[in-house]
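Hi,

Here is the structure I promised to pass on. Have a look at it first, and then read my notes below.

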Amino acid sequence: MPDRRDYYEILEVSREVSTAGLKSAYRRLALQYHPDRHPNDPEAAEKFKEASEAYAVLSDPEKRQRYDRFGHGGVGGAAGGGFGGFDPSVFGDFSDLLGDLFGFSGARERRPAGSDLVYRMEITLKDAAFGIDAPVAISRLEACPACHGSGAEAGSSPVTCPTCRGRGRQRLSQGFLVVTRPCPECGGDGKIIEKPCPECRGEGRHRESRKLDIRIPAGVETGSRLRLTGEGDAGPPGGTAGDLYVVLTVAPHDVFERAGDDVVLPLSLPFPTLVLGGEISVPTLEGEPEKVSIPAGTAAGSEIRIKGRGMGRLGRNRRGDLVIRAGVAVPEKPSPREKELLREYAAEIGAPIGGKSVLDKAKKIFQ
Ligand SMILES: [Zn+2]
Ligand SMILES: [Zn+2]
């Protein structure tokens, strides 16, 4: 979830904007991004939602005051709830605001949609670094080929519901309140099927196994969600398809650790290499070993960066870095010769060695 944008910034207005200014700013954005003008454009839909949420909050004097003082946390939906976090009564305003512009009333129908599907997928760190085209095998509802999704037998077609005359809703008066509810005859579709398709029994869809090739972009991480618009279940007759969400897990790597855009390689180096410097060969995400110079006097725990050899970044060309974190390699079973040299070196610098180090050292010194 990216950081939430400032409401004033979204509406492109100053913090001192008047109610009228707010309304005209929102009207302009709503006209620009309204879903009716951009069918199947998730980016426009997102912009429309964003602007609507911002307007819903700022047009309410009390909420605006709280937002000015406490930010997003002050107006609900603090945990990134987004559009779900605000009062849906704002929809009452949409028709006021947009009705004259778009010619639809507040009672406009929502088309029935197919279900969204979720596909969980594990990828390697390397695939997350560079991106990959991956096959995804799913089972979903697709439009019935016999009736092309209409649900009506070939040669016939659904007819307008006589009860609601195609509106899909019934208006009921209860005192001074007028409420609408889905038409019981057609279930809100506005159409009824007189001769159901024998293949799908009027459902208009059937289950199908499908293989999709999806592009996983470089830079994704565990929890990243890719949305494939319209690749979920087909909708019921007259409806739209749901979306497919691919939820990613990046498997831990044997050698590399991820740190945001960087990849860390913990590497134990021989003490003399750290002291005197030297050239070593390190593994990389690409698989090709890379030669790296360890500068003389490298302390344990210091980091050596190889620029641009880390993880890809979402939506950007530049990559993070490969970071070599230097440690000291301690030989588990030193040979007698190694021990001899180490003792000599220890004596040279006065390093305490052995269990009775102080005594040993003292003996050696006075020999
Ligand atoms: Zn059918
Ligand atoms: Zn009806």
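What arrangement do the four donor atoms around the zinc ion (ligand 2) make? The arrangement is tetrahedral, because these donor atoms subtend angles of 102 to 117° (four donors count as tetrahedral if all angles lie between 85 and 135 degrees). For reference, the ideal angle for four tetrahedral donors is 109.5 degrees.

Before going further, some housekeeping: this is a predicted model, where local features need pLDDT of at least 70, side-chain atom pairs count only at pLDDT 80 or more, and totals for chains, interfaces and linings use all residues. Residues are numbered from 1 along each chain as its sequence is written, chains are lettered from A and ligands numbered from 1 in the order in which they are written, and side-chain values use heavy atoms, with hydrogens and water left out.

Back to the zinc ion (ligand 2): the SG atoms of Cys161, Cys164, Cys183 and Cys186 coordinate it at 2.2 to 2.3 Å (donors are N, O and S atoms within 2.8 Å of the metal, or 3.2 Å for Na, K and Ca). Their spacing in sequence is C-x2-C-x18-C-x2-C. Cys183 is buried at a relative accessible area of 1%, and Cys186 is buried at 8% (buried means under 20%, with a 1.4 Å probe and protein chains only).

There is also an open sheet of four strands with mixed pairing, in the order E10-E11-E17-E14 (strands are DSSP runs of at least two residues, numbered from the N terminus; two of them pair if DSSP finds at least two bridges between them). Its edge strands are E10 (257–259) and E14 (303–306), each pairing on one side only. Strands E11 (residues 262–270) and E17 (residues 322–329) run parallel, joined by eight bridges; Leu267 has Ala326 in E17 as its bridge partner.

Best wishes

Methods:
Tetrahedral: all angles 85-135°; square planar, octahedral: opposite > 155°, others 65-115°. Buried < 20%, exposed > 50% of the residue type's maximum accessible area, 1.4 Å probe, protein only.
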